[in-house]
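Please keep the sequence and the 3D view open as you read.

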Amino acid sequence: MARPMKFDADKVVDKAVTVFWRQGFAATTPQNLVDELGIGKGSLYNTFKSKHHLFALAMRRYSAQRAAELADGLEGPGPVLPRLRDAMQTLAGVGEHQLGCLIVNSVAELGNSDQAVAEVAKDLFAQTEEAFRSAIERAQTTGEITSRRTPTDLASALLAVVIGANVLAKAGSDPEHLSRILDGAVQDA
């Protein structure tokens, strides 16, 4: 008879997000997970099947949180451009940390050789682009953005800038430099 879990699996996944985000998939050993998550190796494998399965759960959790935060941050009355800029700053991690984005980091580390990473990345990037497109469309309707480019084209460009800023943040770029990049992208919208 299996013993009941003495930990909250959801909280463990939340902690795993931080571990994988900080260290990456390959550098995170099962022992790192046991030590940082406060669970035994048996619990790790009995509950989460494998390091990779826990990694996939952590990526999905991170992605869902980021998508929800982005949608919440871009909605509401008032000017769109300041909210768009703040959202891009948050997504790029400017000023908060130099970890970049878990999903961007995972794509850089594992490429499309890992189906779980590819699926989560495509989904998050699509949600991000759609949130940007919707915000840009509202800003064009109110005259806040006067670009002749379509909201879809502008959203794609902003997504590319955010992904690039994530890579630069992970490489240790100066937060002020990253802020100038993001400001320029929003001003050019």
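## About the model

This is a predicted model, in which local features need pLDDT of at least 70 and side-chain atom pairs count only at pLDDT 80 or more, while totals for chains, interfaces and linings use all residues. Residues are numbered from 1 along each chain as its sequence is written, and side-chain values use heavy atoms, with hydrogens and water left out.

## Helix 5 and what covers it

Let's start with helix 5, which runs over residues 81–92. Helices here are DSSP runs (H or I, at least four residues), numbered from the N terminus. The 12 residues of helix 5 should span 16 Å at 1.5 Å a residue, and its end C-alpha atoms are 16 Å apart, so the two agree. The expected span is 1.5 Å times one less than the number of residues.

Which residues of helix 5 are buried? They are Arg83, Leu84, Ala87, Met88, Gln89, Leu91 and Ala92, where buried means under 20% relative accessible area (exposed is over 50%, partly exposed in between; 1.4 Å probe, protein chains only). Their cover includes helix 4, helix 7 (115–142), helix 8 (151–170) and helix 9 (175–187).

Gln89 counts as buried because its relative accessibility is 13%. Leaving aside residues up to four places away in sequence, Gln89 touches Val94, Ser179 and Leu182; a contact means heavy atoms within 4.5 Å.

Over in helix 9 you will find Ala185, buried at 14% relative accessibility. With the residues up to four places away again set aside, Ala185 touches Met88, Leu158 and Val161. Gly76 lies 109 residues from Ala185 along the chain, and their C-alpha atoms are separated by 22 Å.

## Helices 3 and 4

Helix 3 (residues 41–48) packs with helix 4 at an angle of about 65°, their axes 9 Å apart. Axes are lines fitted to C-alpha atoms, for helices over the stretch in contact, and angles run from 0 to 180 degrees between N-to-C directions. The crossing is left-handed, meaning that the near helix is turned anticlockwise from the far one by less than a right angle (clockwise would be right-handed). Leu44, Tyr45 and Phe48 from helix 3 meet Lys51, His53, Leu54 and Leu57 from helix 4.

## Aromatic rings

How many aromatic pairs does a search of the whole structure find? The search finds 4, counting rings of Phe, Tyr and Trp (its six-membered ring) with centres within 6.5 Å; planes under 30 degrees apart are stacked, over 60 edge-to-face and the rest tilted. Phe20 and Phe25 are stacked, because their ring centres are 6.3 Å apart and their planes lie at 25°. Phe20 is buried at 1% relative accessible area, and Phe25 is buried at 15%. The rings of Trp21 and Tyr62, with centres 5.0 Å apart and planes at 70°, form an edge-to-face pair. This pair links distant parts of the chain, with Trp21 in helix 1 (residues 9–23) and Tyr62 in helix 4 (residues 51–74), 41 residues apart.

Phe20, Phe25 and Phe55 form one aromatic cluster. The charged end of Lys51 sits over the ring of Phe25, 4.2 Å from its centre; this calls for NZ of Lys or CZ of Arg within 6 Å of the ring centre and within 35 degrees of the ring normal.

Terms used: Helices (H or I, at least four residues) and strands (E, at least two) are DSSP runs, numbered from the N terminus.
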